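Visitor: I am about to look at a structure and would like to ask some questions about it. Could you guide me through it with care?

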Amino acid sequence: MTTWPTKHFTADDLDAFHSEALSSEMRLHLESCPDCQKLAKLDREVLALLRELPSYAPRADFGERVMSRVTVEKPGPVPVLSFPRLTRRRIAALTALAAGMVASVAWSSSNRVLLDAWLDGTAASLFNWGSALWQNGVAELTAQPWFETVRQVSDTPLRLALAAVAMVGLYGSGIFALRRLVTPSAGTVSNAGA
Amino acid sequence: MIPPGSLRAKTDQEVVALAKEGSEEAYRELIRRYERPVFSLIFRMVRNRELAEDLSQETFIKVLNAVQSYRPEFKFSSWVFKIANNAAIDHLRKRELDTLSLEGSPHADTPELIEATVLQVSERGENQLQEVENRELGGTIEQAIARLRPEYRSCILLRHVEGRTYEEIAEILNLPLGTVKTYIHRARNELRILLRSVREE
C-alpha cells in the first residue's frame, strides 16, 4: 500500500483559510487533520484578539500642540502674464528699439531699388562662395591617399550595400552607446521626509 | 474658510489637496484622522506614553511641514505610517530597547546564534501598559506583541491591527513582500505559542 506524505498547513494556507479561499485539497486535509484544525483555530483566535485591541488616543491638546509647530503654507497667486517693472532705462531702450524699427521700414520703402540691387548682389556672392567651397572640398577629398581604397570598396552594388549596412550598424551602435551614457538611472523615489 | 466638519466626507487625497492650498482646517482634519492610529502604533512600539506622544508629534510635524512635496501617486496613509514607523524604529535602535523573541533573531542561522538571541526580556517600561495587560487575553496579546522583535511588531500591528495589505506594509517598511509575509507569519506563530501556553496553564 502506498502512503502519501502528509502535507500540513503552510502560512499561505492559513491566509487562504481566513479569507475563505482554501483549495479543495487543503480543505479535505483540514477535515481529517487534528493538528491543522488546532493550528487554524488558534490562528483565528489570535487574529480576532488582534482585531479587538483598543486604539489609544494622545492627550486632548495633541492637535493644538502639533499645529503650533507647523507652518501652514499658502501658495501665492500665480500671475497669468507678468511684465518687468518699467524703469526709465527700460523705457528708453524700448523707445530706441521702436524708433529703429520705424526708421528701418521707412528707409526700405523709399530705397527699394537700391535694396533689391544689394540683395541680388549678396545672393550671387553667397552662391559663388558656396560652390567654390564645395569644389575645393571635393578636390581635397579625392586627393586623400585612402580615397581610392574607399572607392574600390564601393565599386559594385553588392559592396556598396555591405558598406552601407556596416555604416548604419556603426551609427546605431554609437547612438545606443550614447543613450546608455546620457540616460539617468531610474530609481524609485519615495515621498519627502519618509 | 472651510466650515469644520465639511471635510469629513472627503478622501485623504482631497483633504491633502486643500492643505496644499493653505487650508488650516485641512491640516487639522489630517491630524484628526490619523492621531489615534499613529499614536497607537507608536505606543505599542515604544511602550511609553510620553515618548509615544513626542514621537507622534514629531511624525505629524514632519508630515504636515512636507505636505507641499507630497506626491499623490502614493497613498497618504502609507506615507504617514512610514514616517511614524521610522520614528519609532529609530528610537528603539538608539535606546536598544526590547529585542524580544521566542524564536531568536530571524537572522540567526546557527544554533549558537539562535540561543544567544532568544528571550531577551527587558525589564524597562513594562508598567506603561499595565491597565490593558490586566484584561486577560487582550492583555496577554498586548504583552506578547511587546515582546516581539521591533520588525515583527511593526508588521503584525500594521497588518492585523491597522488592516494594511501586505503590499502596503512592504512599501511602508521598505521591505520585500516575501520578507513582510515571513515576519508576519513568524510573529503570528509566536503569538499562537503564547496563547496556547496561556490556555494550558
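Guide: Let us begin with confidence, since this is a predicted model in which local features need pLDDT of at least 70 and side-chain atom pairs count only at pLDDT 80 or more, while totals for chains, interfaces and linings use all residues. Residues are numbered from 1 along each chain as its sequence is written, and chains are lettered from A and ligands numbered from 1 in the order in which they are written.

Visitor: Which element of chain A has the highest mean pLDDT?

Guide: Elements here are helices (H or I, at least four residues) and strands (E, at least two), taken as DSSP runs and numbered from the N terminus. Chain A has eight helices and zero strands. Among these elements the lowest mean pLDDT, 80, belongs to helix H7 (residues 147-153) of chain A, and the highest, 94, belongs to H4(A).

Visitor: Over which residues of chain A does pLDDT stay under 50?

Guide: Where pLDDT is low, the predicted coordinates should not be read in detail. The model does have 13 contacts beyond four places in sequence for the stretch in question, a contact being two residues whose C-beta atoms, placed from the backbone, lie within 7 Å. The stretch of chain A with pLDDT under 50 is residues 186-194.

Visitor: What distance between its end C-alpha atoms does helix H3 of chain A show?

Guide: The expected span of a helix is 1.5 Å times one less than its number of residues. Helix H3 of chain A has 18 residues (34-51) and should therefore span 26 Å. The model agrees with this, as the end C-alpha atoms of the helix are 26 Å apart.

Visitor: Which residues of H3(A) are buried?

Guide: A residue is buried if 20 or more other C-beta atoms lie within 10 Å of its own, exposed if 12 or fewer, and partly exposed in between, with C-beta atoms placed from the backbone. By this rule the buried residues of H3(A) are Cys36(A), Leu39(A), Asp43(A) and Val46(A). They are on the same side of H3(A), because they cover an arc of only 85° around the axis, where the arc is that of the directions from the helix axis to the C-beta atoms. What covers these buried residues includes helix H1 (11-18) and helix H2 (24-32) of chain A, together with helix H10 (177-200) of chain B.

Visitor: Which exposed residues lie on the face of H3(A) turned away from its buried side?

Guide: An α-helix has 3.6 residues a turn, so residues three or four places apart point the same way. On the face of H3(A) turned away from its buried side, the exposed residues are Pro34(A), Lys38(A), Lys41(A) and Ala48(A).

Visitor: Which element gives the largest share of the side of chain A that touches chain B?

Guide: The contact takes 32 residues from chain A and 43 residues from chain B. On the side of chain A, the elements that give two or more residues are H3 and helix H4 (62-67). The largest share, eight residues, comes from H3(A).

Visitor: Is Glu20(A) buried or exposed?

Guide: Glu20(A) lies in the loop between H1 and H2 of chain A, and its phi is near 55°, a positive value in a residue other than glycine. Because it has 6 C-beta neighbours inside 10 Å, Glu20(A) counts as exposed.

Visitor: How far apart in space are Arg47(B) and Ala146(B)?

Guide: Arg47(B) is found in the loop between H2 and H3 of chain B, and it counts as buried because 23 other C-beta atoms lie within 10 Å. Although Arg47(B) and Ala146(B) are 99 residues apart in sequence, their C-alpha to C-alpha distance is 7.5 Å.

Technical notes
pLDDT is the predictor's confidence in each residue, from 0 to 100.
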